[in-house]
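This report describes the fold, the surface and the charged side chains of the structure shown below.

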Amino acid sequence: MTESIAPHAPPPVVGTTLEGLITAGTRGTPGATGEFASLLNSVALAIRIIHTRVRAAGLAGMLGYTGETNVQGEEVQKLDVFANDVLCAVLEKSGRCAMLASEELDEARAMSPTGKYLVAFDPLDGSSNIDVNISIGTIFCVLQAARVSDHLAEGFLQPGTRIVAAGYSVYGSSTSLVLSTGYGVHGFTLDPSVGEFFLSHPNIRCPDRGKTYSVNEGNLGRWDDRVKKWAAWIKSEDKARGLPYGHRYVGSLVADAHRTLLKGGIFAYPADAKSPGGKLRLLYEANPMAYLFEQAGGVATNGVDRILDLVPKGLHDRTPLVLGSKDDVAAYRQFAVGER
Ligand code: P6P
């Protein structure tokens, strides 16, 4: 399969702009109307706007809490609110979004009656790291607005296999945007001097095996015994298996997932005694990441089952999440089902 952005689009060339690649995708898709391209360009615009505010957050007095809490019961940081507002406004103006769902909104919000797409997003993932200048990001996925029932919002309650595009940004030492529309995964880097995303990582592939594991070891006492056994195994000495793996954990899903996607290895946020259903959200964190990892040759499960097969029961469902290199996620699964 020629990795690209659409079935008949040319292979991506480093230095191509995001808009150029998306436009090529439209030309490479028989019957395309340009609405999908317009939606993706709108999301990229929102990410560029959020980038400018994140970069100046310290100076713009945007640090610190608003004192409110979101539907997750988490303290809402001012940048969370700003990022959510920007995405809602840009998607509404695009006219391509029928309805959106956000970590920051209790309910799905109707947008354009003629919109063909649903968009779910975490506007600013990792917000607890904002005040200490650690990478944070925006995570999103796009579904077709199939009228599952009279209530469009139920269109979000589709398994992740129905996703037609997903991506995330990392507001780090540079601002990256990683995107897939079902034809491979491509990474773009923002040139802030011109405000344009340029293709820097065409056809990202997740290695079949890595050298690092990423989990919050502080939760060790809360894990079930099978996860504890896996955690002990991955730290044990076994040169033939490349063990012990190095431990890397930022505490920002976009940062830990981005490193794992590019370098391989495993990221895990297992269920634990404090979060028996897992901590991460299925619709706008696990599903987008699972889509991207699978597109890049990686794997994403809840420890046992494929994330993309899970059917959400609500917009803010949580799930355990294990993603990364196929060999490393397979090894985790052997412990999770009691085979090791
Ligand atoms: P913990 C950030 O708050 C987040 O939602 C994800 O970005 C991250 O992977 C996870 O929570 C970190 O959780 O419990 O390790 O701080």
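## Surface and basis of the model

The accessible surface of the chain comes to about 14000 Å², and carbon and sulfur atoms account for 51% of that area; accessible areas follow the Shrake-Rupley method with a 1.4 Å probe, and for residues only the protein chains shown count as cover. Buried residues (under 20% relative accessible area, with exposed meaning over 50% and partly exposed in between, for a 1.4 Å probe and protein chains only) make up 54% of the 340 residues.

The model is predicted, and local features need pLDDT of at least 70, side-chain atom pairs count only at pLDDT 80 or more, while totals for chains, interfaces and linings use all residues. Residues are numbered from 1 along each chain as its sequence is written, and side-chain values use heavy atoms, with hydrogens and water left out.

## Overall fold

The chain contains seven helices and 17 strands, both taken as DSSP runs numbered from the N terminus (helices H or I, at least four residues; strands E, at least two). Its radius of gyration, taken over C-alpha atoms, is 19 Å, close to the 20 Å that the globule rule gives for 340 residues, so the chain is as compact as a globular protein of that length; the rule is 2.2 Å times the number of residues to the power 0.38.

Along the principal axes, the C-alpha atoms fill a box of roughly 55 × 50 × 45 Å. Of the contacts (heavy atoms within 4.5 Å) between residues at least 6 apart in sequence, 63% join residues at least 24 apart.

## Charges and salt bridges

The chain carries 33 positive and 36 negative side chains, and the centres of the two sets lie 5 Å apart; Lys and Arg count as positive and Asp and Glu as negative, without His and the chain ends, and each charge is placed at NZ of Lys, CZ of Arg, CG of Asp or CD of Glu. The structure holds 10 salt bridges, each a side-chain nitrogen of Lys or Arg within 4 Å of a carboxyl oxygen of Asp or Glu.

One of them joins Lys235 to Glu217, with the closest N and O atoms 2.8 Å apart. Lys235 lies in the loop between α4 (225–234) and β12 (246–247) and Glu217 in the loop between β11 (212–214) and α4, so the pair ties together parts that are 18 residues apart in sequence. Lys235 is partly exposed at 39% relative accessibility, and Glu217 is partly exposed at 23%. In the salt bridge between Glu285 and Arg281 (3.4 Å, N to O), Glu285 is buried at 1% and Arg281 is buried at 4%. Salt bridges also link Glu35, Arg96 and Lys116 in a network.
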